Amino acid sequence: MNEFPLVISDAAFAAAKGAMDLDGKEGSFIRIAIQGGGCSGLQYKLDFDDEHRDDDYIWEKEGLKLVVDGFSAVVLRGTTLDYASSLAGAGFQFVNPNAKKTCGCGSSFGY
C-alpha cells in the first residue's frame, strides 16, 4: 500500500473522530479531496463516503478511516491536516506546501 499523503495532527484526528461518531454511518469513512472551484482554482473537500476507488490511499487509526484519491494525493503530498478553534470559529485547516497561491478567505488555492 502507498504511503498516506497527509500528516494528521492530534487535533484533526480528534475532530474527525468526533464527526464520525456523530454523523457517520456504519461502514463509512471521511474522504479528503481536491476539487475545482474557489477564486484560486482549487479547494479542499471533506465529506463522508462509503465507496472506495482503485487509486485510494487509506489511513486508519482507532476505528477512524480517512481516504484520499490518487489525483488529490498528488496535490496533497506533504500537507498537514490540522484543526483549530478560536473565538472566530473552528474548523479543519490544510497546511499545504504545494499551494502556490491562496485566496484572501483561505478556502481555495492554486497549484
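Is S72 buried or exposed?

S72 is buried. Its relative accessible area is 0%, and the cut-off for buried is under 20%. This comes from a predicted model. S72 sits in helix α2.

Two kinds of neighbour can be listed for S72. A polar contact of 2.8 Å links its side chain to that of D69. Beyond four places in sequence, S72 is in contact with I32, A33 and I34.

## A33 in strand β2

A33, one of those contacts of S72, belongs to strand β2. A33 has a relative accessibility of 12%. A33 counts as buried because that value falls under 20%.

The contacts of A33 reach several parts of the sequence. Leaving out residues up to four places away, A33 touches Q43, Y44, K45, D69 and S72. K45 is twelve residues from A33 in sequence, yet their C-alpha atoms are 5.0 Å apart.

## The nonpolar core

The largest nonpolar core has 21 residues. Within this core, F4, L6, I8, L64 and L66 touch the most other members. Helix α1 supplies the largest share, four residues. In soluble globular proteins, nonpolar side chains tend to be buried together.

L6 deserves a separate look. Not counting residues up to four places away in sequence, L6 touches V68, L76, T79, L81 and F94.

## The β6-β7 hairpin

Strands β6 (residues 79-86) and β7 (residues 89-95) run antiparallel. Seven bridges join them. They form a hairpin, with two residues between the strands. S86 is bridged to G89 of β7.

## The whole chain

The protein chain contains two helices and nine strands. Along the sequence, their order is β-α-β-β-β-β-α-β-β-β-β.

Of its 111 residues, 37% count as buried. The chain exposes about 6,600 Å². Carbon and sulfur atoms supply 49% of that area. Among contacts with a separation of 6 or more, 52% are between residues 24 or more positions apart.

Technical notes: Residues are numbered from 1 along each chain as its sequence is written. This is a predicted model: local features need pLDDT of at least 70, side-chain atom pairs count only at pLDDT 80 or more; totals for chains, interfaces and linings use all residues. Side-chain values use heavy atoms; hydrogens and water are left out. A nonpolar core is a set of buried Ala, Val, Leu, Ile, Met, Phe, Trp, Tyr and Cys residues joined through side-chain atoms within 4.5 Å. Buried means under 20% relative accessible area, exposed over 50%, partly exposed in between (1.4 Å probe, protein chains only). Contact means heavy atoms within 4.5 Å. A polar contact is a pair of N or O atoms within 3.5 Å; within protein, one must be able to donate a hydrogen and the other to accept it, and residues adjacent in sequence count only if both atoms are side-chain atoms. Two strands pair if DSSP finds at least two bridges between them. Accessible areas come from the Shrake-Rupley method with a 1.4 Å probe; for residues, only the protein chains shown count as cover.
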